[in-house]
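Work through the following exercises with the coordinates open. Each task is followed by a solution in steps.

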Amino acid sequence: MKLLVVILSDVDAENVLRKLIEAGHRATRISSTGGFLRRGNTTLLMGMEENKVDGALDIIRANAQPPEDAVQRRATIFVLNLSRYEQV
Amino acid sequence: MDNLAPLVPLVLIMLTIASLVAIAARRVRIPYTVALVLVGLVLSVSSPLRIDLTPELILSIFLPPLVFESAFHLNLRELRRNLVTIGLLAVPGVVLTMLLVGGILSLGPGMALGSALVFGALIAATDPVSVVAIFRKLGTPKRLEVLLEGESLFNDGTAIVIFGIALSALETGQFDLVSGVIDFFRIGGGGIVVGFVLGWAVLQLIGRIDDYLVETTLTTVIAYGSYLLAEQLHVSGVLAVVAAGLINGNIGERGMSPTTRIVVLNFWEYVAFLANSAVFLLIGLAIDLPKLLVNWKLILWAIAAVLVSRAVSIYLLSRLGPDLPSRWRPVLFWGGLRGAIALALALSLPIELGADRETLILITFGVVLFTLLAQGLTMGQLVRRLQLVFRTEEHIEFELRHARALAARTGFNHIQQLHQEGLISLPTWDRVQPVLRQRADALAKAVQEVLQRAPSLQADEFIAARREELRAQRGVLANLRRDGVIAEDTYVQLVAEVDTALDLSREDWPGGPFDYGPAGDVKQLMLVVVHDRDLESVSHALAIRNFPSTRIQSSGGFLRQSNHTLLAGVPNGMVEQAVTIVENAARDRVEYVSSLAGAQLAPPIEPHAVQVRGATVFVFDVERYEAI
């Protein structure tokens, strides 16, 4: 099992989240600020099977708009190993 | 016109004195402005140098450049982020200072209330130029600079308006609060409007031309023009200059190419230097040394009053605004230096005030001298003690080594060039060459060594290298044009391309190579839970070392306080470094609790100390990291 931590700008969050849910992923959304993308941004937490990770990454890549600033990044993604995942 | 003729040699003498003093001050290590004053003092005693300037002339010649230069290089975006705090300090703060200082001086040493209030108003104008220089050198958070500079800019304006109102109240002997308040808004607001309108109008012109000589002239027109026009309309000239300066410095940026902007900034730096020097020299000339010593008690009262009112402003008044890191407050308190504006206002007091005028000039001078010496010279230590220094030993070491290496290499290249041109004979070259080359190589190696020790410096180096390359390109293009190799049009187009590239490499976030992200493959995710008080310093400390972080608001734990959780990607092998950074930026702190959470039924206990760790750090292994 893997935990995906995805940091996106607020603008992209709605879109990406919708597409992710449509594809069957579940996500928890946290509002955050500053740092990587410097403005109001959103952090998504998603737990999923290892084989679903690439699919999720593709969805994110496809749906995050290119930023006005060429130097900024559209999304930052951490994939962490989960030793245990429980839904109670 | 004849009374201007003797002015010219006088001005030249003053400029010569200022230059000599500047050179000497550097040797002796005292602040330049202090040296000027001392020289002025000496001159007033020993020579018949008399400067006869009317008060209006003093204000209208020296104020506009000082104010315009500050306004011009202040960043509007950063100003806006801190607007509430700056607004609080610059408007209610000034009124508060006037009342407190005036009150203390009239109650303590028994000064006449009217004069005391006038003094309180003029001393409210701050001038943090020397501490800002220290901040830049030590790499303190940019926001501190913005707060002090923004406050200074606006309180110059409001202090002058209030000073005018207080002065007319003193002269006419009557004061009506309502009309005073109305006057304040009319004069202040009117000034800002005039400045905006004029500034905007000139901006349209500047945007249409790309000739730095003309554009610089236009900024001169706007600086003095807005002042004079506003004064004609009986509104605040200084606030007009502030408004005009802010507009041209920020929006005007888009209308000015980087070349123009550099020229304009240099020009105004020079003019402000002249104005500053003139004011300090004039004060030295105007002060009567024996009288200064006689009034020492009054001066001490004044200094105490100013410090008290500053403390109230920073520790009480600013709490009405957004939260500030607690470690910043002492810096803001101690950074409230006074300078040229207060002195100019004192010099501009009408002669009709008689003996009072002299006394006021004396105490103004005493306070300014104190702030320059006691506060200005100790600010560096204060900032270090509060651990707000982010320019580490490594940065400084890198700069030293880099500069030495550059100098050695340039020297070597030059000698080699001379030899190739036949200006140095072979035997000499054979003897000199190996020594020079060895030295240059050793110094270059030293630079590499310090870079390996602190990889985060590489990002700095990258940006600097890019800038150097672009500057060299621009230099070559200028030479080609000068030698007639390329036509004017070609030059203009090529320079524009270089300028665009230069613009892009400028990062506007206060902290450096932020956009370049983690230096290397991210292998770990660090989660840091910090107290709000440490948020700015921890996240800044991480960011300038290439650990940009995302913040999430959180709360809780034992004491149920609001805090933040930072997420930062950490490249391989850098966890120790990251944790050390967090450790240094967020110190252990002791909190007092009056009752343990959950123990509400127990009788209230004495507050006792709970050791609260500065921050909590979790580190996760990251299997995969993508930045898209």
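**Exercise 1: a strand residue**

In this predicted model, B:Thr565 has a relative accessible area of 13% and is therefore buried. Task: locate B:Thr565 in the secondary structure and list what it touches.

Solution. Begin with the element: B:Thr565 belongs to strand β3 of chain B, residues 561–571. Next, leave out residues up to four places away in sequence; the contacts of B:Thr565 are then B:Leu527, B:Val528, B:Val529, B:Thr550, B:Arg551, B:Ile552 and B:Ser554.

**Exercise 2: aromatic pairs**

Task: classify the pair B:Tyr315 and B:Phe333, and state whether each residue is buried or partly exposed.

Solution. The count over all chains is 8 aromatic pairs. For B:Tyr315 and B:Phe333, the centres are 6.2 Å apart and the planes make an angle of 55°, and the pair is tilted. B:Tyr315 sits in helix α16 and B:Phe333 in helix α17 (residues 328–334) of chain B, 18 residues apart. B:Tyr315 is partly exposed because its relative accessibility is 30%. B:Phe333, at 18%, falls under 20% and so is buried.

Solution. B:Phe412 is in helix α20 and B:Trp429 in helix α21 of chain B, so the pair ties together parts 17 residues apart in sequence. Both B:Phe412 and B:Trp429 are buried.

**Exercise 3: the largest cavity**

Task: describe the lining of the largest cavity.

Solution. The volume of the largest cavity is about 80 Å³. Its lining has 3 nonpolar, 6 polar and 3 charged residues. Helices α6, α9 and α16 of chain B each contribute at least two lining residues.

Conventions. Residues numbered from 1 in each chain as written. Chains lettered and ligands numbered in written order. Predicted model: local features only at pLDDT ≥ 70, side-chain atom pairs only at ≥ 80, totals over all residues. Heavy atoms only, no water. 1 Å grid on protein atoms, 1.4 Å probe; cavity = no way out; pocket = protein on both sides within 12 Å on 5 of 7 lines; lining within 4 Å. Points joined across faces, edges and corners; volume = space filled by probe spheres on them. Helix = DSSP H or I, 4+ residues; strand = E, 2+ residues; numbered from the N terminus. Nonpolar A, V, L, I, M, F, W, Y, C, P; charged D, E, K, R; others polar. Buried < 20%, exposed > 50% of the residue type's maximum accessible area, 1.4 Å probe, protein only. Contact = heavy atoms within 4.5 Å. Phe/Tyr/Trp six-rings, centres within 6.5 Å; stacked < 30°, edge-to-face > 60°.
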